[in-house]
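Trainee: I have a new structure to read. Please show me how to go about it.

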Amino acid sequence: MQLDQPGSVISTESLLVELGGLPILREVSVAVGSGELTALMGGNGSGKTTLVRALLGLIPHQRGTITLFGTPLESFRDWHRVGYVPQRGAVVIKQATVREVVSSGRLAHRRAFRPLSPRDHAQIEAALTEVGLLERANTPFIELSGGQQQRVLIARALATEAELLVMDEPFAGVDLRVQDELAELIGRLNAAGTTVLVVLHETGALAPLLTNSIVLREGRVIHTGAPPEHPAPHHDSPGLTRPRLMTGIGEGVA
Ligand SMILES: Nc1ncnc2c1ncn2[C@@H]1O[C@H](COP(=O)(O)OP(=O)(O)OP(=O)(O)O)[C@@H](O)[C@H]1O
């Protein structure tokens, strides 16, 4: 199945990823179109994080292809176009201030051992302003609330001037009010043209903003297209067992 269409920011075809000798992702063919806000969903252990890691080249794949911005992953070099927002709990930052964390997002633009340029500073300020944390720039990251830390991680990705944001469970461990605020921020970034792929357990506050979804089960794609009406629970739901034929970006055909 050929899913790589003009305008695909991410596409995979017949992807096989093995970890510890076991197949974790099987025959995964998906596409994320430019400008989409796509949810990557599925029960615990269905392979969401593994897919994200493979897409970013953090783990190898054994078969199939991955294309980013139309370029095969193996020859992709424009990493400044990609912003990765890892799960907050996976990030341990003890010493750095908010500004230092966001500054690390400029690394893809900087020549080794050169100080920050005026453009770097401008992008860092703009990213901090976008997430509403400019006034907390000199605060140690560890002193912020969970929602604020999530915003800092988003700002770090924005500082790269990323056209694609890949976010791993941005709502994990933050209360509903903060989820609403984060959803508003993600929606605003998407409306401004940033393509977003977001790993979610439940569509939650992002439900009205999603334009596409990919649902995994046991390492296989079981749904693409319009987000499921009912949020995917932590364990696989019988309501999501019927696979859809994939026609490419956007709509699937039942
Ligand atoms: N390094 C590894 N070696 C072997 N198996 C692994 C490894 N990492 C993950 N797995 C297995 O791969 C499967 C998919 O894991 P993955 O973390 O991608 O799922 P997930 O959908 O992100 O789950 P969750 O929602 O719980 O974070 C799980 O069964 C997990 O146990």
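Mentor: Begin at the ligand. The residues around it are Leu19, Gly20, Leu22, Ile24, Gly42, Asn44, Gly45, Ser46, Gly47, Lys48, Thr49 and Thr50. A residue counts as near a molecule or strand if its C-beta atom, placed from the backbone, lies within 6 Å of it. This is a predicted model: local features need pLDDT of at least 70, side-chain atom pairs count only at pLDDT 80 or more, and totals for chains, interfaces and linings use all residues. Residues are numbered from 1 along each chain as its sequence is written.

Trainee: How do the residues of the shell around the ligand divide into nonpolar, polar and charged?

Mentor: Learn the classes. Ala, Val, Leu, Ile, Met, Phe, Trp, Tyr, Cys and Pro are nonpolar; Asp, Glu, Lys and Arg are charged; the others, Gly among them, are polar. Here the shell has 3 nonpolar, 8 polar and 1 charged.

Trainee: Which element gives the most to the shell around the ligand?

Mentor: Helices (H or I, at least four residues) and strands (E, at least two) are DSSP runs, numbered from the N terminus. Helix H1 (48–55) and strand E2 (22–28) each supply at least two shell residues. H1 gives the most, with 3.

Trainee: Now the sheet. What is the order of its 6 strands?

Mentor: Two strands pair if DSSP finds at least two bridges between them. The order is E7-E8-E9-E4-E10-E11, in an open sheet with mixed pairing. The edge strands, E7 and E11 (220–225), each pair on one side only.

Trainee: How many bridges join E8 to strand E9?

Mentor: There are 5, and the two strands run parallel. Valine 166 has leucine 197 of E9 as its bridge partner. Between E8 and E9 the chain passes through helix H5 (residues 176–191), in a right-handed β-α-β crossover. Right-handed means this: with the strands pointing away from the viewer, the path from the first strand over the helix to the second runs clockwise.

Trainee: And E7?

Mentor: Strand E7 (residues 82–85) pairs with E8 in the parallel sense, over 4 bridges. Valine 85 stands opposite methionine 167 in E8.

Trainee: Is strand E8 covered on one face or on both faces?

Mentor: Count neighbours. A residue is buried if 20 or more other C-beta atoms lie within 10 Å of its own, exposed if 12 or fewer, and partly exposed in between; C-beta atoms are placed from the backbone. In E8 (residues 164–168), 5 of 5 residues are buried. Both faces are covered: Leu164, Val166 and Asp168 lie on one side, Leu165 and Met167 on the other.
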